[in-house]
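User: Could you walk me through this structure? I would like to begin with the strands and go on to the side chains.

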Amino acid sequence: MPPVEIAEIGFPARCEPSRLSVANIVLRHATAADIPFLLELYRSFRADELAAVPWPVEQKRAFLDQQFLFQHRHYIATFPDADFLVVEIEGEPVGRVYLDATKERWLIVDIGLLTEWRRQGHGTTLLAAIQHEATVSDCEAVVLHVEQHNFRAQALYHRLGFRAEENGGSHVRMEWSCSNLTETGRL
């Protein structure tokens, strides 16, 4: 059960469907009812990082719950117009895509899948859908930030045409120009 303060924050209410369409994947707006799943997902993102920390399991869990709360508050406050989407495959939630598509340069605030759903092409499919939608929406570019040590994600982004634009210490800012798809006709 998530801490009460997390469930109370919730997400912006959205009535319109997601702008993204992906074959065999459902993207739906997150609600407060998704908080337990999103906590589990966040914990999976940080599992390797905390594996070597000699804390008891409950202390790690409390720490990650607190970090999720801080991140969630930050995302909601900083990106109030973003789409906070839950990724579902075969009727089960498996990930999240937080996308701020309100400006000329779209920002992938966060994207990630549960460990068992990674390295199966789902991330590539989601990113390609974002790139396609950005192009048909007259967007200039899609931007994201990736952790400096997340080499697998960086390799995926490079394969999809993202280029490192700035190294901010702990994160690398990467950008994909919509002209990439327009010029080549493909990703």
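**Strands, helices and side chains**

Analyst: Strands β6 and β7 pair in the antiparallel sense over four bridges; two strands count as paired if DSSP finds at least two bridges between them. Helices (H or I, at least four residues) and strands (E, at least two) are DSSP runs, numbered from the N terminus. The model is predicted, so local features need pLDDT of at least 70 and side-chain atom pairs pLDDT 80 or more, while totals for chains, interfaces and linings use all residues. Residues are numbered from 1 along each chain as its sequence is written, and side-chain values use heavy atoms, with hydrogens and water left out.

User: Which residue stands opposite Asn-167 there?

Analyst: Val-172 in β7 is opposite Asn-167. The hairpin of β6 and β7 has three residues between the strands, and Gly-169 takes a positive phi near 95° in it.

User: What about β5 and β7, how many bridges do they have?

Analyst: The pairing of β5 with β7 is antiparallel and extends over seven bridges. Ala-141 has Ser-177 in β7 as its bridge partner.

User: In what order do the strands form the sheet?

Analyst: The order is β1-β2-β3-β4-β5-β7-β6, an open sheet of seven strands with mixed pairing. β1 and β6 (163–167) stand at the edges with a single partner strand each, so one side of each is left without a neighbour in the sheet. From one strand to the next, the twist averages 30°. Axes here are lines fitted to C-alpha atoms, for helices over the stretch in contact, and angles run from 0 to 180 degrees between N-to-C directions.

User: And β2 with β3, parallel or antiparallel?

Analyst: Antiparallel: strand β2 (residues 83–89) and β3 are joined over seven bridges. Val-87 has Gly-95 in β3 as its bridge partner.

User: Which strands does α2 lie across?

Analyst: α2 lies across β2, β3 and β4 (105–113), and runs at about 80° to β3. Helix α5 (residues 151–159) also packs on the sheet, where it touches β4, β5 (141–147), β6 and β7 (171–177), and its direction makes about 160° with that of β5. Contact means heavy atoms within 4.5 Å.

User: Changing topic: how many aromatic pairs are there?

Analyst: The structure holds eight aromatic pairs. Rings of Phe, Tyr and Trp (its six-membered ring) pair if their centres lie within 6.5 Å; planes under 30 degrees apart count as stacked, over 60 as edge-to-face and the rest as tilted. One of the pairs is Phe-11 with Tyr-98, whose ring centres are 6.4 Å apart and whose planes are at 65°, so this pair is edge-to-face.

User: Where do Phe-11 and Tyr-98 lie in the chain?

Analyst: Phe-11 is in the loop between α1 (4–9) and β1 (26–29), and Tyr-98 is in strand β3 (residues 92–100), so the pair links distant parts of the chain, 87 residues apart.

User: Are those two buried or exposed?

Analyst: Phe-11 counts as buried at 14% relative accessibility, and Tyr-98 is buried at 1%. Buried means under 20% relative accessible area, exposed over 50%, and partly exposed in between (1.4 Å probe, protein chains only). Phe-11, Tyr-75, Phe-79, Phe-84 and Tyr-98 form one aromatic cluster.

User: What does Asp-110 touch?

Analyst: Apart from residues up to four places away in sequence, Asp-110 touches Gln-71, Tyr-75, Arg-96, Val-97 and Tyr-98. Asp-110 lies in strand β4 and counts as buried at 12% relative accessibility. Its side chain is joined to that of Arg-96 by a polar contact of 2.3 Å. A polar contact is a pair of N or O atoms within 3.5 Å; within protein, one must be able to donate a hydrogen and the other to accept it, and residues adjacent in sequence count only if both atoms are side-chain atoms.

User: Last topic: how many disulfides are there?

Analyst: The count is zero disulfides, a disulfide being a pair of cysteine sulfur atoms within 2.5 Å. Cys-139 is in no disulfide, and the nearest cysteine sulfur, that of Cys-178, is 4.0 Å away.
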